[in-house]
Amino acid sequence: MAEKGRRSGVRLTARGAIALILVATLAGYVLTAVLGLSYLVGAAFVVSCLLGALLVNKRELLSLVVTPPLVFFCATLFVELGRAFGSVSIVQSLALGLYGSLTRGAPWLFAGSAIVLAVAWRRGLRDNVRELREELKAGAEMPRPRQPFVPEPEGYFEPKVYGTPRGDD
């Protein structure tokens, strides 16, 4: 029997939530190209960030919180690389395309990151951070006191011969 009050539903791993955000952002770029509505990229990113933060397992909130900027950058880099291959100067086209896309997407990026942080905080991010601190504290070794210098016994560095010499065959 299921526990009372426990929700049964879709739960994502952090990787699944990150993949959701990436695929939705790429789909937003495709819809922008097809429909010509520039806000679709940002809207897709923000909505997928919200869904990812709501659907991810509580124990994996910390992994999700730090990734939206990287996911947005990777999606933008992928799209701009595709656009740059058709131009005369790939590097120049890529640099200008990245600059323009990231500049236009900055408000959406900040909104998506803030939403993920707010939802994750509400769902228990504070507990994840506390657990991580305790694990790091428990895993840290206490520094050992320095041992005084003890010189090696005389003759230590003399070569030793192992085995017997081979005879001439």
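I looked up R83 and found its side chain in a salt bridge with that of E80, N to O 2.7 Å (a side-chain nitrogen of Lys or Arg within 4 Å of a carboxyl oxygen of Asp or Glu). The model is predicted, so I note that local features need pLDDT of at least 70 and side-chain atom pairs pLDDT 80 or more, while totals for chains, interfaces and linings use all residues. Residues are numbered from 1 along each chain as its sequence is written, and side-chain values use heavy atoms, without hydrogens and water.

R83 and E80 are 3 residues apart in helix 4, so about one helical turn separates them (helices are DSSP runs of H or I, at least four residues, numbered from the N terminus). I list E80 as buried because its relative accessibility is 4%, and R83 as partly exposed at 45% (buried is under 20% relative accessible area, exposed over 50%, partly exposed in between, with a 1.4 Å probe and protein chains only).

I counted 2 salt bridges in the structure. R130 pairs with D127, closest N and O atoms 2.9 Å apart.

Next I checked S101, which lies in helix 5. S101 is buried, at 5% relative accessibility. Its side chain makes a polar contact with the side chain of R104 at 3.4 Å (N or O atoms within 3.5 Å, one able to donate a hydrogen and the other to accept it; residues adjacent in sequence count only if both atoms are side-chain atoms). Leaving out residues up to four places away in sequence, S101 touches Y29, T76, E80 and R83 (heavy atoms within 4.5 Å).

Terms used:
Helix = DSSP H or I, 4+ residues; strand = E, 2+ residues; numbered from the N terminus.
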